[in-house]
Amino acid sequence: MKCAVMAMAVVMAAGAAFGQSGAPAVVVTKAAQENPSEELAKQAKMAEAVRPSLVVVDVALKFDRGDAPSGGSVDSADLVDTAVHDERPVEVSGYAIDGTHVVMRDLQIHPRFIQSIGVRRLDDAAGGAEIGAKISAYPKERNAVILTLDKPLEGVKGLTFADKPGPYWVVRLSHENDESRWEVTVDGFGGSLVMVGGKKLFNPPAGLVVTEDGEAVGMATGTLMGVDGWKGSPLAWPALSAEEESGLIAEVKEKANGAVVRATLNFRSPKNVDPRQMMMMGMGNNDPENATVQYALAVAIDKERVLVLANLRPKVTARLEHIRLATDPPMDATFAGSLRNYGAFVAKTEKPLEAVMPLSESDARELRGRLLAAGDIQLQGDKRISTYQERRLFNFHVGWQGGVCVETPREDKNLFLFGTGGEVAALPVMQRERATMGDRDTQEEATVTSGAALAAALKKPEGMDPANVPLTAEEENRLAWLGVELQPLTPELSRANGVSDQTGDGQNGALVTYVYPESPAAKAGVETGWIILRLHAPDTEFPIDVHIENDPMASEAFPWDRLGDAPEEVFDRIPSPWPPVENALIRTITNLGFGAKYSIDFYHDGKIDTKEFTVAQGPANYASAPQYKSAATGVTVRDMTYEVRRYLQKKPEDPGVVISKIEQGSKASVAGLKPYELITHVNDEPVRSVKDFERLTQGQTEIRLSVKRMTAGRIVKLSLNAPAPTTRMEASPPSAAPAPPGE
């Protein structure tokens, strides 16, 4: 029997009247343990006394502009989703305060989704007699709303709240787990003292607090409060009327419409990427990061600065050229700095801003349970869409490097929360991974982050990322210089080298296949055959497993002997004969920023050897080499760089520039020139750079080019005055060339 009494006192947290998170302390009185029958009778008397004041609130929902209804907290979101799926109203417990007022939990549903609100007696079945109601007041620090009925509900008795001594009990109305029936639960009144920063708060169990006679003395809603904050009638709680709440929302909407604006970001066209590198790194021409225009929201955090909510990786920020804000009137802004740990950057405006909503510097957790204004603000293309309503915060978690994040329903990825003073309490910002092995951040959706966390990051020099800044076109192509060629590990390679346990059986790690002389790796003593295991980046405690992309052409010889048959339509899709210098490891090191310290764990001779490095700029590679386009011939050439010379087995003094592009229908194309061939001489003069090529071809009426395809050479003559022939005249193809070195 004792067990039955204790079981009766268990709180069903999932269906708690006010959605309290977690079950409160269960209090089983000594009397219940010594005389359970008498205690059960006493509790039944309390339940019967309160029962006439218990009601069920039916909130009928509707879709709006094609959007589905949603609840504003994690618990209410589940209730709303289930009701929408089952095509029925949301059913919520309510307590009749008097003949025309009912208190219920705050579902935080936007008014545009509410079709109607009805209140019925507890004993009436769903669909029974209801009285219409509307929300008339919003308590400031309670998870509740006050309803005003259209007229008194017959058979319902209003509660009278008396100031009487204890002992007290808690009565709540809730659904069973399967939501098949309502039940009245009576528990002992307990709760716990919570100390927050020296402040004493009380966390009582949610529900109606009554005396032994079943007379109401107060109500708790599952939020922290003062020790006696639960006492008295809900009608006495500090609250905003519906009209005042609408005024607050309208005021915040006006401010936010001026202070949270669209930013148009213009980018320089991305560099031409080798088709081979696109295959290796999973890149494509339709990659959104290659766009020359992007739109993002920008928050005016003071008179001169905006926080642009765009999670740009360094290689994208490098191409940023112009920022335009859709203020009234529109104005330009200049880049000022990227946040290191958050997907946003700061821009300085050309003129002082009129509308400003600063970031709150108060701990967002101090707003727990309080009435706030919120905006769902997003961009659909270049169009700004926003809706505003009241919201409350209940759940938080610690995010990246200790930042406070707000737990919200998954649909709320565009949520802005505003304090009563118009400050931004929380906003949707992606938490940026400081360093990852790969080309993309692992997190793809924004997190509702406290304004205080962002404000703190903006004040500290270490909160900004000096490596994530706009660059010139020449600087954009810079890469870090390690000076090794690598091969991805496989299960077989990892086992043969005894590093299966260090590399996830070959899923990570890279084999050093070549070390360039005088490179940082060579100076550190790295040798061919060593295995790279992990990278250690600054300001990052965890090691980064090295994983590089598999080169799909590594095992195949470049088809030099068939290059003469390639039609000009496929020239831009022919992968380079030599492997690209850029891979995931080099990109990660580059993103650390030039001058940053890092280390790499190598495995060789049965041991791990950690080498220290400083991020240094590498020499020009094929992708970043100086280039020159000859409009007269239709050919673009690039300097021969270190990896190209290694592949072609050319010495530094050997002449030659690489053909990197040929315009369709041009004289160069008609004459049979092909991508990746070398032009070694112009009119018998050696060509050692694109500047030489430009100098030797300009102002000429006819040029004679010495062209090499691997070891096979030929002479190609071009008349620069005559128009290109209308018929194709292919130069005699050279004999088949030997395969590249190492194949």
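Which backbone nitrogen does the side chain of S360 reach? In this predicted model, local features need pLDDT of at least 70 and side-chain atom pairs count only at pLDDT 80 or more, whereas totals for chains, interfaces and linings use all residues. Residues are numbered from 1 along each chain as its sequence is written, and side-chain values use heavy atoms, with hydrogens and water left out.

The answer lies at S362: the side chain of S360 comes to 3.2 Å from the backbone nitrogen of that residue. This is a polar contact, that is, a pair of N or O atoms within 3.5 Å; within protein, one must be able to donate a hydrogen and the other to accept it, and residues adjacent in sequence count only if both atoms are side-chain atoms. S360 sits in the loop between strand 19 (345–349) and strand 20 (372–380). Helices (H or I, at least four residues) and strands (E, at least two) are DSSP runs, numbered from the N terminus. With a relative accessible area of 8%, S360 is buried; the term means under 20% relative accessible area, while exposed means over 50% and partly exposed lies in between (1.4 Å probe, protein chains only). Leaving aside residues up to four places away in sequence, S360 touches E423, V424, A425, G451, A452 and A455, where contact means heavy atoms within 4.5 Å.

Several of these partners lead on to neighbouring elements. G451, A452 and A455 are among the buried residues of helix 8, together with A453, L454, A457 and L458. Helix 8 spans residues 451–459 and is mostly covered, with seven of its nine residues buried. Strand 25 (residues 424–429) is also mostly covered, and six of its six residues are buried.

Strand 25 pairs with two other strands; two strands pair if DSSP finds at least two bridges between them. Strand 24 (residues 415–418) runs antiparallel to strand 25, and two bridges link them. In this pairing, L417 has A426 of strand 25 as its bridge partner. The hairpin formed by strand 24 and strand 25 has five residues between the strands, and G422 there takes a positive phi near 85°. Strand 26 (residues 447–450) is joined to strand 25 by four bridges, again in the antiparallel sense. Here V429 has T447 of strand 26 as its bridge partner.

L427 belongs to the largest nonpolar core, which has 78 residues, and is listed with L265 and V308 as having the most contacts inside it. A nonpolar core is a set of buried Ala, Val, Leu, Ile, Met, Phe, Trp, Tyr and Cys residues joined through side-chain atoms within 4.5 Å. Not counting residues up to four places away in sequence, L427 touches V299, L307, L309, L359, L415, F416, T447, V448, T449, G451 and L454. A second, separate core of 38 residues includes W560, Y676, V682 and L718.

For the chain overall, there are 16 helices and 40 strands, and 52% of the 743 residues count as buried. Of the contacts with a separation of 6 or more, 66% come from residues 24 or more positions apart.

Three bridges link strand 7 (residues 169–175) to strand 11 (residues 207–210), and V171 has L208 of strand 11 as its bridge partner.

Some backbone features are also worth a look. Most residues other than glycine have a negative phi, and most peptide bonds are trans. The peptide bond from G166 to P167 is cis, with omega near 10°, and P167 lies in the loop between strand 6 (145–149) and strand 7. Another cis peptide bond joins D328 and P329, with omega about 0°; P329 is placed in the loop between strand 17 (320–325) and strand 18 (331–339). E87, although not a glycine, has a positive phi of about 55°. The loop between helix 4 (74–86) and strand 2 (90–96) holds E87, which is exposed at a relative accessible area of 75%. E518 likewise has a positive phi, near 65°, and is found in the loop between strand 29 (510–515) and helix 12 (520–523). E518 counts as exposed, at 64% relative accessibility.
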